[in-house]
Amino acid sequence: MKQIVVISGKGGTGKTVITGAFAALARNTVMADCDVDAADLHLLLQPTIKERHEFRSGLNASIDGKVCQKCGRCIAACRFNAISDGFIIDRVSCEGCGLCSHICPAGAITMEENFAGEWFISETRFGSMVHAKLGIAEENSGKLVSLVRKQAKELAEKNNCDRVIIDGAPGIGCPVIASLSGIDCAVVVTEPTLSGLHDALRVIEVTKHFNVSSRLVINKYDLNPDMSETIEEQCAKIGVALIGRIRFDKTVVEAVVEGKTIMEYNDTAVKDDIRRIWEKLPS
Amino acid sequence: MIISVASGKGGTGKTTVAVNLALSLDNAQFLDCDVEEPNAHIFLKPTIKKQAQAYIPVPEIDESKCVYCGKCAEVCVYHAIAVLPGQDGKKGNTLIFAHLCHGCGACSLLCPQGAIKEVPREIGVVESGICERIAFVHGKLNIGEAMSPPLIRQVKEHINPQKTVIIDAPPGTSCPVVASIRGSDYALLATEPTPFGLNDLILAVEVARKLTIPFGVVINRSDLGNNKTEEYCSRENIPVLMKIPFRKEIAMAYSKGEPMVKVFPEYKKDFQGLFNTIQNGKFS
């Protein structure tokens, strides 16, 4: 069983469109949406939720106003400026470290378990899908990514699936790092812009840092063919091969608007571009 | 005044809006808080005058004082410390996993032996400089580093209240976004009129509401997609402050790192108008 993740560094380069197309091309695959901050894959795959679970993660401090002596030690000690002068905990700033609860001389502070989001096991017209919704302004997206991946992997093993295909998050931080462990191939999707080049090189460095093998895809390559060539060369220099270019076509947006993967939509050469990439992925 | 440019979805034009807005103002300071993938410097091409490594405090054990009692590991909710007690006359061991440490200071403060001191661990760099009249600051997270909020907070320490501060935020809805846009007087939410754009705009709106920051929307590539985004905004009484159509010439300039207002100066007055609308508080 192979695990493939689609990442990009820069947002909006086409990760979800491409992951959705892979879902349509795949047989016997579990899909996982690991962009738990701003998940979009469900808009193409329209999952029917079969199981719904709470994601409890981290702690939040809570001050009992009746016990609090207002000595101010907690305010002085908190590194996250999460306690106001009125001894109210700001739940958004609180990182749940618990320091305040340990040092409060009155024992007025307790730590409460934090409800940080939800995760789901669903069925789609292309097979099973594991996805999640992190609560607004929450932390621990990396932990939720790891949880989604663990569930997807177990499901794939149970059903003898060949692959887990993962829609990753933008950036290079905790959700991306969590989406890379144990991956067989990271597909780095970029666009022919200086920003796309800059961000692809950074996320490729991250894959190298964690010893994950990666391949390059340039989306909308014909919007700037020279830049596409530069990106291909620069990535080749650091040992990452281009496995495909996808042309710019407004029908891609039309398919998204209709809630379809591009593979299910009207004839467009984009489909062939993506099919050729799909055939080059490890199976 | 501090104006943040944010979005749930990536690639909807945050950097485009932030950069061109800053270039259209007289007295701007630009902070690129997308420290994972900072891009604004590609367009603003600032002359960097100062570089400062950014650190977070992590524990270091004084082996001569440590008695392997395990208190530090017990209080660390991030599992960044493990203590192996000594046995059969053998010395114990205290292991630090610095990458998991949030720098809360609980271990050092609560160690009964005073055996823990905090030492700085580098997580990235903050660079500052100047681009034409714009004061420029950005952060760059080190490769392999998971936690960006401490670095974002260090970028924001450079905020100059005398200036109009434009913050380019990272995509998403979680802690890096919160760290970036907190304390802003206004948030501009960039989106595109597609189901992805709308889904993630709704999430970004929830973030702005939770942080009680007044906000408005900029619709990028406004002619690609459908009108559901505008319908949503009008239903929710959210002002749509600007629409930028898809033009191959704009996309081409963007691809080469050329700011829109340099190639199409006519957009400058639109960005100035956008700023005036925000400043006059008509929509707050």
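This is a predicted model: local features need pLDDT of at least 70, side-chain atom pairs count only at pLDDT 80 or more; totals for chains, interfaces and linings use all residues.
Biologist: Of the 283 residues of chain A, what percentage count as buried?

Modeller: Residues are numbered from 1 along each chain as its sequence is written, while chains are lettered from A and ligands numbered from 1 in the order in which they are written. A residue is buried if 20 or more other C-beta atoms, placed from the backbone, lie within 10 Å of its own, exposed if 12 or fewer, and partly exposed in between. By that criterion the buried share of chain A is 54%.

Biologist: Is A:Pro175 buried or exposed?

Modeller: A:Pro175 lies in helix α6 of chain A; helices (H or I, at least four residues) and strands (E, at least two) are DSSP runs, numbered from the N terminus. Beyond four places in sequence, its contacts (C-beta atoms, placed from the backbone, within 7 Å) include A:Cys34, A:Asp37 and A:Val145. Because 28 other C-beta atoms lie within 10 Å, A:Pro175 is buried.

Biologist: What is the strand order of the open sheet in chain A?

Modeller: Two strands pair if DSSP finds at least two bridges between them. The sheet has 9 strands with mixed pairing, and the twist averages 20° from one strand to the next. The order is β3-β4-β5-β2-β6-β1-β7-β8-β9.

Biologist: Which strands of chain A stand at the edges?

Modeller: An edge strand has a single partner, so one side is left without a neighbour in the sheet. In chain A this applies to β3 (48–63) and β9 (242–246).

Biologist: How many residues lie between β4(A) and β5(A) in their hairpin?

Modeller: Strand β4 (residues 109–124) of chain A pairs with β3(A) in the antiparallel sense over 13 bridges, and A:Ile49 stands opposite A:Ser122 in β4(A). Strand β5 (residues 127–134) of chain A also runs antiparallel to β4(A), with 8 bridges, and A:Glu123 has A:Ser128 as its bridge partner in β5(A). The number of residues between β4(A) and β5(A) is 2.

Biologist: What angle does the direction of helix α8 of chain A make with that of β8(A)?

Modeller: Strands β7 (residues 185–190) and β8 (residues 214–219) of chain A run parallel, joined by 5 bridges. Helix α7 (residues 194–209) of chain A packs on the sheet, touching β1, β7 and β8, and its direction makes about 170° with that of β7(A). Axes are lines fitted to C-alpha atoms, for helices over the stretch in contact, and angles run from 0 to 180 degrees between N-to-C directions. For helix α8 (residues 225–237), which touches β7, β8 and β9 of chain A, the angle with β8(A) is about 175°.

Biologist: Which helix gives the most to the side of chain A that touches chain B?

Modeller: In the complex, 52 residues of chain A are in contact with 50 residues of chain B. Helices α4, α5, α6, α7 and α9 of chain A each supply at least two residues of that side. The one that gives the most, with 8 residues, is α7(A).

Biologist: What ipTM does the predictor give the complex?

Modeller: Chain B averages a pLDDT of 96, and 99% of the residues score at least 70. The complex has a pTM of 0.95 and an ipTM of 0.94.

How values were computed:
Two residues are in contact if their C-beta atoms, placed from the backbone, lie within 7 Å. pLDDT is the predictor's confidence in each residue, from 0 to 100.
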